[in-house]
Number of protein chains: 2
Amino acid sequence: MTTPDRLIAWVAADIVALTLRGGALHVALVKRKAAAARGQWALPGGFLLQGESAEVAAARELEEEVGLGRAEVRLEQLGTYSAPKRDTEHSRRVISVAYLALAANLPETVAGTDAGEASWVPVDKAVKRRLAFDHPQILRDGVERARAKLEYSTIATSFLDGEFTISELRAVYEAVWGARLDAANFHRKVTGTPGFVEATGEMRRGRGRPAALFTAGSAQSLNPPLTR
Amino acid sequence: MTTPDRLIAWVAADIVALTLRGGALHVALVKRKAAAARGQWALPGGFLLQGESAEVAAARELEEEVGLGRAEVRLEQLGTYSAPKRDTEHSRRVISVAYLALAANLPETVAGTDAGEASWVPVDKAVKRRLAFDHPQILRDGVERARAKLEYSTIATSFLDGEFTISELRAVYEAVWGARLDAANFHRKVTGTPGFVEATGEMRRGRGRPAALFTAGSAQSLNPPLTR
DNA sequence: CCAATAGTGTCTATCAGACACTATGCG
DNA sequence: CGCATAGTGTCTGATAGACACTATTGG
């Protein structure tokens, strides 16, 4: 006794995957190979399969289209986009569960199976580019979420791989926020917050005085927060 | 050329509707009348219809099942629950887009059309009650979101109708957080934050010194935040 | 007057931000 | 040495929290 006007939908998982490259925030975009919106740039993503949750589907698509494995990335649900006209390219309504993925700058993008082409695009260029469906909105929401979360969580360390210096962590904040931070106060704040970073005892040498190396600590939230 | 193993799903909108009654945080629960999980207590909600977005469906269900109109409530997306086994009562997979709804203590619950029975239940009792599907999880997430948002947003005013005193606003914080706040410091903080509340010039008389009345201001976020 | 509630004054410990200064490497 | 980068010291203004105190009503 199914109500006849109940919606039957396909469910997609789309990902705003962010990383830092050369001091600038980049987002992964793919050139669509599927029939719908073919040839347009879009966020990586795809349909949930039988037996998959949205998060599992997001992780699978990220691996297939961008070459990012589950361990290399922090996935967090961003929101669900369900406007009736958000996708007019398919024969059925499609609702999309969007995820935010933060990755360290390890991998080059991979020309995956589903997507014709994948590449990291600077965020300020990507927001001006024409993207398929409602992906411009999802991208803006994802970047804004990342900016907000840097304030009161330790996710900034997700942009860094293994050991890092306080300067590198500060560069993450400066790139995501688009603002300069005072190096001295940032150093004190970060090292003075228990669980944010853990000193390894190692040093990294370069130009200038060697910098102490740290790894991500166990704390998840920042109290008090860092201010933009 | 549809991929055969692509998921086809029903989409539900479920609502964690919170209000304050007698100084305690309450959530709206309904006794299910539909075949699936019939007779169990659950969050209000229901399936998206053709042409509806999740938010529109949430607003409709809230009106039908709880008697809360769109203007009386603040709706905010909470998250989407898509685990394959979250709902084993239906013949198709169901994913649920959950919403948080904050309402002033105006209406009694309405025994609506879909739900057999609806009532406001104290949150601390509701979290211990057996609820259908994964609604215990959704309820916990909703309450935690409300608690967190009081800190850095002005949504506390959504629990109050029209004009209110600073004491009433403080009572909202104390009920949601389950903690006492210093009346003097709270007063200064709230009235000193531009856009949080606007004085009306009116007074409310009761036992003790009359209290100035305020309405909700235009500010959305609190900077700096109130701390729990 | 007393009880009750609203609202202000004031002190202190803490902290963010500014910025001068010291430390330690490289070429 | 001189430059670059890392990291510390120190001052100041703002603020959260504690709590004493004043203000204004009803009974």
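This is a predicted model: local features need pLDDT of at least 70, side-chain atom pairs count only at pLDDT 80 or more; totals for chains, interfaces and linings use all residues.
View 1. Strand β8 of chain A, residues 197–204, pairs with β9(A) in the antiparallel sense.

**View 2. The surface near DNA strand D.** By class, the surface near DNA strand D holds eight nonpolar, seven polar and seven charged residues.

**View 3. The surface near DNA strand C.** Around DNA strand C there are 22 residues. Ala184(A) and Arg209(A) of chain A come nearest, along with Ala184(B), Gly208(B) and Ala212(B) of chain B. At least two residues each are supplied by α5 of chain A and by α4 (166–177), α5 and β9 (211–216) of chain B. The surface near DNA strand C divides into eight nonpolar, seven polar and seven charged residues.

**View 4. Helices α3(A) and α4(A).** Two packed helices are described by the angle between their axes and the distance between the axes. Helix α3 of chain A spans residues 135–152, and its axis comes within 10 Å of the axis of α4(A). The axes cross at roughly 140°, and α3(A) and α4(A) are therefore oblique to each other. The crossing of α3(A) past α4(A) is left-handed. From α3(A), the residues Ala146(A), Arg147(A) and Leu150(A) meet Tyr173(A), Val176(A) and Trp177(A) of α4(A). Five residues of this contact are nonpolar, none is polar and one is charged.

**View 5. The contact of chain A with chain B.** In the contact between the chains, 23 residues of chain B touch 23 residues of chain A. On the chain B side, β1 (8–21), β5 (73–81) and β6 (93–103) each supply at least two residues. The largest share, four residues, comes from β1(B). This side of chain B has 13 nonpolar, seven polar and three charged residues. Strand β1 of chain A, residues 8–21, runs antiparallel to β1(B) and is joined to β1(B) by three bridges. Within β1(B), Trp10(B) stands opposite Ile8(A).

**View 6. Backbone details in both chains.** Most residues other than glycine have a negative phi, and most peptide bonds are trans. Ala37(A), which is not a glycine, has a positive phi of about 55°. Ala37(A) sits in the loop between β2 (24–31) and β3 (41–42) of chain A. The peptide bond from Asn223(A) to Pro224(A) is cis, with omega near 0°, and Pro224(A) lies in the segment after β9 of chain A. In chain B, Asn223(B) and Pro224(B) are joined by a cis peptide bond with omega about 5°. Pro224(B) lies in the segment after β9 of chain B.

Note on methods. Residues are numbered from 1 along each chain as its sequence is written. Chains are lettered from A and ligands numbered from 1 in the order in which they are written. Ala, Val, Leu, Ile, Met, Phe, Trp, Tyr, Cys and Pro count as nonpolar, Asp, Glu, Lys and Arg as charged, and the others, Gly among them, as polar. Axes are lines fitted to C-alpha atoms, for helices over the stretch in contact, and angles run from 0 to 180 degrees between N-to-C directions. Angles under 35 degrees count as roughly parallel, over 145 as roughly antiparallel, 65 to 115 as roughly perpendicular and the rest as oblique. A crossing is left-handed if the near helix is turned anticlockwise from the far one by less than a right angle, and right-handed if clockwise. Two residues are in contact if their C-beta atoms, placed from the backbone, lie within 7 Å. Two strands pair if DSSP finds at least two bridges between them. A residue is near a molecule or strand if its C-beta atom, placed from the backbone, lies within 6 Å of it.
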